[in-house]
Protein chains: 2
Amino acid sequence: MELLRVTYRLEGAPDDAEARAEAIAREHTVEVPRAVVRDAFIEREILGRVERVEPVDGAALATVAYPVATTAHDPAQLLNVLFGMSSLRDDVRCVDCEVPPSLLRALGGPRFGVAGLREATGVHGRALTCTAAKPMGHGPKALADLVRAFARAGLDVVKDDQGLADHPFCPFEDRVRACLAAVEEVADETGHRVLYAPNLIGTPDRVWRQLEFARKEGARAVMASPMLLGLPVFWELCRERSDVPVLAHPSFGGARAFATELLFGSLLRLYGADAVIFVGYAGRFGTPRATCRELADRLRRPWGGLAPSLPVPGGGVELENAAELVSFYGRDAMLLVGGSLQVEEGAVQARSRAFVEAVREASRGA
Amino acid sequence: MELLRVTYRLEGAPDDAEARAEAIAREHTVEVPRAVVRDAFIEREILGRVERVEPVDGAALATVAYPVATTAHDPAQLLNVLFGMSSLRDDVRCVDCEVPPSLLRALGGPRFGVAGLREATGVHGRALTCTAAKPMGHGPKALADLVRAFARAGLDVVKDDQGLADHPFCPFEDRVRACLAAVEEVADETGHRVLYAPNLIGTPDRVWRQLEFARKEGARAVMASPMLLGLPVFWELCRERSDVPVLAHPSFGGARAFATELLFGSLLRLYGADAVIFVGYAGRFGTPRATCRELADRLRRPWGGLAPSLPVPGGGVELENAAELVSFYGRDAMLLVGGSLQVEEGAVQARSRAFVEAVREASRGA
């Protein structure tokens, strides 16, 4: 059985590191209490296993081996297995992974890579040069003038600034056409054809349209910000859409540093979530009560004509605390209960019913 | 002029907080040294402005006002303005924002929200209940049996576990069909029609196909993990694709906690980047040299048959240190130089040329 080995750094005293690693191994695969894992196939071929835990300067490094089948060999599901839920913990970092052959084949890596960029630039045997067409605010003509100057100077690659989108003051199509014309002008003049990489940005629909336009106009490379567009989009761009090299920009690589209430309370609503699942105070993530309160308030309070979103606290919702949670969040909420309904074999329906009744009952008083 | 106001928490001594806030305001808009901002339009209508900086328990809160036009009213570009590059700093958190009316209208928020979920479940005046079909590893029949039990118990909503993808042991279409059949069976039997929300996961192409199938089979809600699929994808799903309510799952909300060398050195290559721009040791992000070394090595060394990616250090690349950088990264690298080429008015081409020559020269010795 092929294994995906992932190493986590667990901050804090290493005493309970083994147990924390076990929790991650479960969290990223079955995401139910150990007692729920009764099926032999699931235990053998799905559940992650802790292979090694070693102390390291006041923390611990834990290696978890996941059966590769858990990833479905899909670029999005892979992220769930690597770091889906434990990314939400402040004391865990995903520090390394060992990707088995079938997953390497499924994702496939660069289509062009170093060789393709060398071919596109004609640069061999030396380091390449690159700069950006910027700042935002320039119109197509001013940016094309910059590209012209960079090309004349012999830069190998000029990329758009990652903040150049489809702005009314500098529309994508006008910009790309103008910059590519500048490239050709200098090529005719000097023989040096700089590689210009337009920035693709937007929803998938918009990005595919931008790519199509850029290619039709003769762009020989493109750029995108994978963490901003979403890694699965980036993968589709690289492997299934683009027939020219793709540069990755690091923008938005650190979304974790969003405050919890901003990301889950405001941004997800702004982005259109009708209901927002979050990890509440009751559970294993230890979100402060005040944060949960603020988050739920933000999802529901009047905000510029936006419809309210339904708060869905999860992570630690149990039959036993359901009533308290209803009194905390009120009626405009949905309690998301997890594996605890399945803790008792053969009693799923009975426990579920009890949970349902507890919430109904508590809502009467809320 | 409409403003997008964003608040950042700056860790560490508040002495230089004002200057750090100014840097963020510039970073998220023009991303060039202040001296490069010479155009009156850019200074007035593009550049972010620090409105307030106040000390708060050993750190500082800074509010930056961005002209809303910088966002292009696009769901992806908005992330650049909010937190694109400063998300890469360990000492900055994006803690709040105030969204102006035109941006609220452009993104639009939930299409269904609380009212739509109440309508879909028939639940009014009380908190709703929800659980998950899980664990991963069950086949469609076992999951449908769970849904049946939850439905009979009167749960309002059953969502797929976020880790249920299109696994060979439990294909998406078989699972959704089986679970929806269970829903209808219980509805016929008891009159209670539980709201089952299948998990959509994958690249945009795959997600749209999953949505289409789920809707055709009668699903009346869906779920997705926005930070995992990418927030712009999630937005397109909510606003332009789905005609039923969408639940947001928090998985992968903390990608920042990836080690730098893993994310930029391994994952982006695995996902297909032909060239990877990262913030190197020379610059304002202070990535340790050892990290840069490891990252660049990972992009280029043999790895299961994947083509190597081109390392592109940026952030702090200057005419003055170009030679040293080439000697550090070697020839299979591309130096990304930024606004410093434009620092001296009227000398873009001359400075660019000098940079080009410096790299050519240094490459001979590398």
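Helix α1 (residues 17–27) of chain A lies across β1, β2, β3 and β4 of chain A, and its direction makes about 140° with that of β2(A). Helix α3 (residues 75–83) of chain A also packs on the sheet, where it touches β1, β3 and β4 of chain A and runs at about 120° to β4(A). The model in which these features are described is a predicted one.

The sheet of chain A is open and is formed by 4 strands in the order β2-β3-β1-β4, with antiparallel pairing. Because β2 (49–56) and β4 (92–98) of chain A stand at the edges, each with a single partner strand, one side of each is left without a neighbour in the sheet. On average, and with direction ignored, neighbouring strands of this sheet are turned by 20° against each other. Between strand β1 (residues 3–10) and strand β3 (residues 59–67) of chain A, the antiparallel pairing extends over 8 bridges, and A:Arg5 stands opposite A:Ala65 in β3(A).

Chain A is superposed on chain B by a rotation of 180° with 0.0 Å of shift along its axis, at an RMSD of 0.0 Å, which is the relation of a two-fold axis. The same surface serves both copies, in that 99% of the contact residues of chain A recur in chain B. Among the residues of chain A, A:Gly230 comes closest to the rotation axis, with its C-alpha at 1.7 Å.

Contact between the chains involves 148 residues of chain A and 147 residues of chain B; helix α14 (residues 348–365) of chain A contributes the largest share of the chain A side, 9 residues. That side divides into 93 nonpolar, 34 polar and 21 charged residues. Strand β12 (residues 334–337) of chain A runs parallel to strand β5 (residues 128–133) of chain B and is joined to it by 4 bridges, with B:Thr129 in β5(B) as the bridge partner of A:Leu335.

Technical notes: Residues are numbered from 1 along each chain as its sequence is written. Chains are lettered from A and ligands numbered from 1 in the order in which they are written. This is a predicted model: local features need pLDDT of at least 70, side-chain atom pairs count only at pLDDT 80 or more; totals for chains, interfaces and linings use all residues. Two residues are in contact if their C-beta atoms, placed from the backbone, lie within 7 Å. Helices (H or I, at least four residues) and strands (E, at least two) are DSSP runs, numbered from the N terminus. Ala, Val, Leu, Ile, Met, Phe, Trp, Tyr, Cys and Pro count as nonpolar, Asp, Glu, Lys and Arg as charged, and the others, Gly among them, as polar. Two strands pair if DSSP finds at least two bridges between them. Copies are superposed by least squares on the C-alpha atoms of residues with pLDDT of at least 70 in both. Axes are lines fitted to C-alpha atoms, for helices over the stretch in contact, and angles run from 0 to 180 degrees between N-to-C directions.
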